[in-house]
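Colleague: Could you take me through the inside of this protein, one question at a time, and show how each answer is reached?

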Amino acid sequence: MGREPITSSMQVPLLGVAAASAMLLGTLCVHVLPKLPVPWSSALLACSALALLVHPRTRLPAWCVLGFAWCALRADLTLQARLPRALEGRDFIVIGTLEGLPLRRADATRFALRVESARLDDAIVPLRGLLRLSWYEDAPDDLAACSRWQLRLRLKRPRGLVNPGGHDSERQALERGIVAVGYVREDAANRMLGRRPLCVDGLRERLSAQIAARVSDPHDAALLQAFAIGDTRGLDSSDWRVARINGIPHLIAISGFHVGVAGAFGAALAWLLWSLWPRWGLRIAFPQAQALATLVTATLYGILAGGSLPTVRTLLMIAVFALTRLLRRNAGGPHTLALALLSVLVFDPLATLAPGFWLSFVGVAFLMLCLVRGERSVPGFLRELSAGQIVMTVALLPLGVWFFGEASLVGAFSNLIAVPLVSFVIVPLCLLGTLALLLAPVLAGPPLLLAAWISHGQWALLEWAARWPGAHGYLPAPAPWALVLAMGGALWLFLPRGFPARGLGLVLFLPLLLPRQALPEPGAFEVMVIDVGQGLSVLVRTQRHALLYDAGARFPSGFDLGEAAVLPSLHALGVRKLDVLVVSHGDNDHAGGSAAVTRELPPAQILSGEPARIEVDSQACIAGQAWHWEGVEFRMLGPAAGRPVPSAGNDRSCVLLVSGQGGRLLLPGDIGSTLEPTVSSAVGVGPPLVLVVPHHGSRRSSSTAFLQALSPVLAVVSAGWRNRFHHPAAQTVQRYAAAGIALENTASAGALTLEFPADAAPRLAGRERERRHRYWRE
């Protein structure tokens, strides 16, 4: 009599989970919009939702509406803070403070600046927020963390490349609150104004230097700097490649995982102290003391790590857990996770744009659902640890394919080794070493050297695993329904024992393997002009073959368009092999990315107009070379054999004509007007022609006679947005307009898809910037 029903004890946790899920759904609805609602309507929706929260029957829809309205308002405020379009390309005098750690490379020093004030032509400009900047000449040595500067800056709005696969820098700029990007202009007024007091980044920079001074091997030091304070400046693209293949990027840079380890370190310290001095339990109960120690340790470590968004997300989760313990509330795991999710959505709804948000919350949710036994014995712990890595690898595989287009097939093995070492050995040693550097530097050597020795051995093992055949795979860009099915399959696969046909969950993963588009029929071909900025890369596909013409640029900083734009696009389109790579000539904007492409997808044949100037072994392309694939002819029109041409330069470009039954494509490289008559006569007559504009539309190319001779139905320019060469030149654009030729530009449209059917004229099938249009897209 008087006993509370079982359902009432479950009601509050279930309502918390439902509320968090509803608010998350509303937030997600914003991210599929091509345009944000007007702010007053979002504010009205938010007020209405708050009013409806008091009514039980409308509470869940109210949470959903509130999530939508709050996310829309935050997104609008962040976008409104960006540099106005009318002011792009202007020089500003900006006063601000460096945020984070500056990255020094051979070509430039890159850093973030928090704006305090900005002036344009002596007038104050209301520009506030974070700038992402480069200093291209020798940056001064005192350009350091926490330093305050006055600089002349050339600024523009954040804008990135848009391709079928790869990184979405415009989405990331919104998530991180970046209001403009640009570079430092030479000016006598550029000067340091001082340093910000009580700045954590300055402490991080000093600690990073002290770690490097105590660990002789630069790579080992770079790993410890990443583990200890989140300084990944010493790691290069090859290191991140090893991490991706092994599925452990979350273990390298400080993320929520490291903050959680730091919190566990604090909990263990509290257990040790209360075990040695049990009388302390008379003053504060051990569960509350342990929760407080967890929160304090994690918070201090999160601040030392730079306070990144993944760090803040984890701190919020730990804070919710600690608060329930301090208030003596018996909240279960799902309820705690739901409260943490609500906290993140309230604090920063734009965090849902980051892959780390989904990987962390989905990973923890799956662990809670699938690992419920909580065995306390050592064998039980080892079984839970092994099962946990399998659960995480399989459950997060669909998200990895969705966000990155790749999957680590050795991730379970690598994490089984790396997670315990990093969690229980390397990070605690780094914490001890960092604490010693702060309090007693003379004691910092032993823990740091031991951590370096262990990290060195672990990394050698990871490099060995990365070389395994099939260790890592790329998959085509999945459709949203394929992602949902695969996540459902993962849930079905890990349901409790006794649930029928759990193995059928694997079947739901199969749609991830399916390409999203059919291949051309015989006699037809498809073309994608990949968005590589100021450069060129064109993919030509027939029914069973693929040719890549150029691969974009590679810069002294190590940024490689072949790796960052070309390869992700090929993987997203389901290209598993290249039959021919044509590197038109040796200029960096055409040949720089070829080495990265050939490492990942070794072509059967490589042709180049300047074999001696490119990094990969190749044969010379010569006019007259020809081959046929599925009724499509590929014919080289230049450079001509036996005719005087420059020994090096643009006019050495391979000129390729691709002819299908319904249309043709001309790829002239960077040839100038002197060679255009020869090329136009070699093209001859045939089906309608599409022209990739020579030399990105420079003023000395695309002569009137050339355009009249070819009469293309469409011309495509591959150029960078607001590039320093001003390609395509205004005169060239006018010549195309006067000839009545439609002109498309990757700078404004992103990657361009062209179809050449066997029974119809060529047509523009898609502009990637339109296809992937979202409210954050420029």
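Colleague: About how much space lies in the largest cavity?

Modeller: Please keep in mind that this is a predicted model. Rolling a probe the size of a water molecule over the atoms shows where empty space is left. The structure holds three cavities of 30 Å³ or more, and the space in the largest cavity comes to about 60 Å³.

Colleague: Which residues lie nearest the centre of the largest cavity?

Modeller: The lining of this cavity is made up of seven nonpolar, five polar and one charged residues. Of the 13 residues that line the largest cavity, those nearest its centre are L536, G669, V692, V693 and H695.

Colleague: Is C430 buried or exposed?

Modeller: A residue counts as buried when its relative accessible area is under 20%. The relative accessible area of C430 is 1%, so C430 is buried.

Colleague: Which residues does I252 touch, not counting those up to four places away in sequence?

Modeller: When residues up to four places away in sequence are not counted, I252 touches A226, F227, L235, W240, A243, H258 and W459.

Colleague: How many residues apart in sequence are the parts that C146 and C199 tie together?

Modeller: C146 and C199 form a disulfide, with their sulfur atoms 1.7 Å apart, and the link is left-handed, with -75° about the S-S bond. Because C146 lies in the loop between β4 and β5 while C199 lies in the loop between β7 and α5, the pair ties together parts whose separation in sequence is 53 residues.

Colleague: How far apart are the sulfur atoms of C621 and C654?

Modeller: A search of the whole structure finds two disulfides, and one of them joins C621 and C654. Both of these cysteines are buried, and the distance between their sulfur atoms is 1.9 Å.

Terms used. Residues numbered from 1 in each chain as written. Predicted model: local features only at pLDDT ≥ 70, side-chain atom pairs only at ≥ 80, totals over all residues. Heavy atoms only, no water. Contact = heavy atoms within 4.5 Å. 1 Å grid on protein atoms, 1.4 Å probe; cavity = no way out; pocket = protein on both sides within 12 Å on 5 of 7 lines; lining within 4 Å. Points joined across faces, edges and corners; volume = space filled by probe spheres on them. Nonpolar A, V, L, I, M, F, W, Y, C, P; charged D, E, K, R; others polar. Disulfide = S-S within 2.5 Å. Helix = DSSP H or I, 4+ residues; strand = E, 2+ residues; numbered from the N terminus. Buried < 20%, exposed > 50% of the residue type's maximum accessible area, 1.4 Å probe, protein only.
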